[in-house]
Every structure is written in structure tokens, then in C-alpha cells.
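Me: I have a structure to learn from. Let us take it in short questions and answers.

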Amino acid sequence: MSAQYYSQNKNPPLTEDEVKEKYKEIQEELQEVFEWKKETEATLENPKASPQKKGAAKRALKKIAWRINTVNGQIIYWKLRVKGESHFKANIEKNEYWAECREKREEINKKKFIC
């Protein structure tokens, strides 16, 4: 293999339409996550739900909260890409948001162990 092969992009850059499509898809995914959250909260509020179902719903809410943060980071990324920002800059913004979410989660976990 020559060095020239590695100097080229392995995948062609996304077109403007592809970027807009990705942005639309990630917004639809956020709606799906909100529906999942709504169903899980309904299980918690259901007086006929078994303790096992309620316990599973509580655990699922933690996963849902993390998924919402993940999808919101992707929305930040694709929104910046739609506005014409580079992958590099959009990725930095997304990673900063995720780091902020991670710090908040760690603070919450520390408070749980202190109390």
C-alpha cells in the first residue's frame, strides 16, 4: 500500500441533503425516546403494576435519561453540520455537551454516596 492511499478521504464527504436527512432522523429518534419515557413513567404510575415491573421501570428511567443526553448531543452535532460547520467543530461541541452531562451524573452519584 502506498502512502498516497492513506492521504485521501476514505469516504466522500456528506452532501447537504444527506446532512439534513441525518438531522431529521436524529430528531425522530428523540421523539421515540420520549415515547419510551412516557410508557415507562406510565408503568410506574400504574397501581396494578407488579413490584418487579416498577423496579424495571426505575432502572429503565436511568437508561432513558442517558439516551436523551446522547441523542441531544447528536442533535447539537447535526444542527451545526446543517448550519455549515465542519465535522471537527461540530464534534467538539457534541463532546463538550457529553462531558457536561457526564460531570452532572458523577455529581449526582457522589451525593448519593455521601448521604
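Me: Does Glu16 count as buried or exposed?
Reply: Compare its relative accessible area with the cut-offs: buried is under 20%, exposed is over 50%, and partly exposed is in between (1.4 Å probe, protein chains only). Glu16 has 58% relative accessibility, so Glu16 counts as exposed.

Me: Which pLDDT must side-chain atom pairs have to count?
Reply: Residues are numbered from 1 along each chain as its sequence is written, and side-chain values use heavy atoms, with hydrogens and water left out. This is a predicted model, where totals for chains, interfaces and linings use all residues, local features need pLDDT of at least 70, and side-chain atom pairs need pLDDT 80 or more.

Me: With which residue does Glu16 form a salt bridge?
Reply: A salt bridge needs a side-chain nitrogen of Lys or Arg within 4 Å of a carboxyl oxygen of Asp or Glu. Side chains of opposite charge can pair when their charged atoms come close. For Glu16, the closest N and O atoms are 3.5 Å apart, and the partner is Lys20.

Me: Why are Glu16 and Lys20 separated by about one helical turn?
Reply: Both sit in helix H2 (residues 16-45). Helices are DSSP runs of H or I with at least four residues, strands are runs of E with at least two, and numbering goes from the N terminus. Glu16 and Lys20 are about one turn apart because their separation in the helix is 4 residues.

Me: How many residues apart are Glu29 and Arg67?
Reply: These two form a salt bridge, with the closest N and O atoms 1.9 Å apart. The pair links distant parts of the chain, with Glu29 in helix H2 and Arg67 in helix H3, and the separation is 38 residues.

Me: How many salt bridges does the rule count?
Reply: One of them joins Glu100 to Lys104, with the closest N and O atoms 3.9 Å apart. That pair lies in helix H4 (residues 87-114), about one turn apart. By the rule, the count is 4.

Me: Are H2 and H3 roughly parallel or antiparallel?
Reply: Two packed helices are described by the angle between their axes and the distance between the axes. H2 and H3 pack at about 160 degrees with axes 9 Å apart; axes are lines fitted to C-alpha atoms over the stretch in contact, and angles run from 0 to 180 degrees between N-to-C directions. Angles under 35 degrees are roughly parallel, over 145 roughly antiparallel, 65 to 115 roughly perpendicular, and the rest oblique. H2 and H3 are therefore roughly antiparallel.

Me: Does H2 pass H3 in a left-handed or right-handed crossing?
Reply: A crossing is left-handed if the near helix is turned anticlockwise from the far one by less than a right angle, and right-handed if clockwise. H3 passes H4 in a right-handed crossing. For H2 and H3, the crossing is left-handed.

Me: How does H3 lie relative to H4?
Reply: Their axes come within 8 Å and cross at roughly 160 degrees. That makes H3 roughly antiparallel to H4.

Me: How far apart are the C-alpha atoms of Gly84 and Val19?
Reply: Gly84 lies in the loop between H3 and H4. Gly84 counts as exposed, at 60% relative accessibility. Val19 is 65 residues away along the chain, and the C-alpha atoms are separated by 9.6 Å.

Me: Which residue's backbone oxygen lies 2.9 Å from a polar side-chain atom of Thr70?
Reply: Thr70 is in helix H3 (residues 51-82). Thr70 counts as buried, at 18% relative accessibility. The backbone oxygen at 2.9 Å belongs to Trp66.

Conventions. A polar contact is a pair of N or O atoms within 3.5 Å; within protein, one must be able to donate a hydrogen and the other to accept it, and residues adjacent in sequence count only if both atoms are side-chain atoms.
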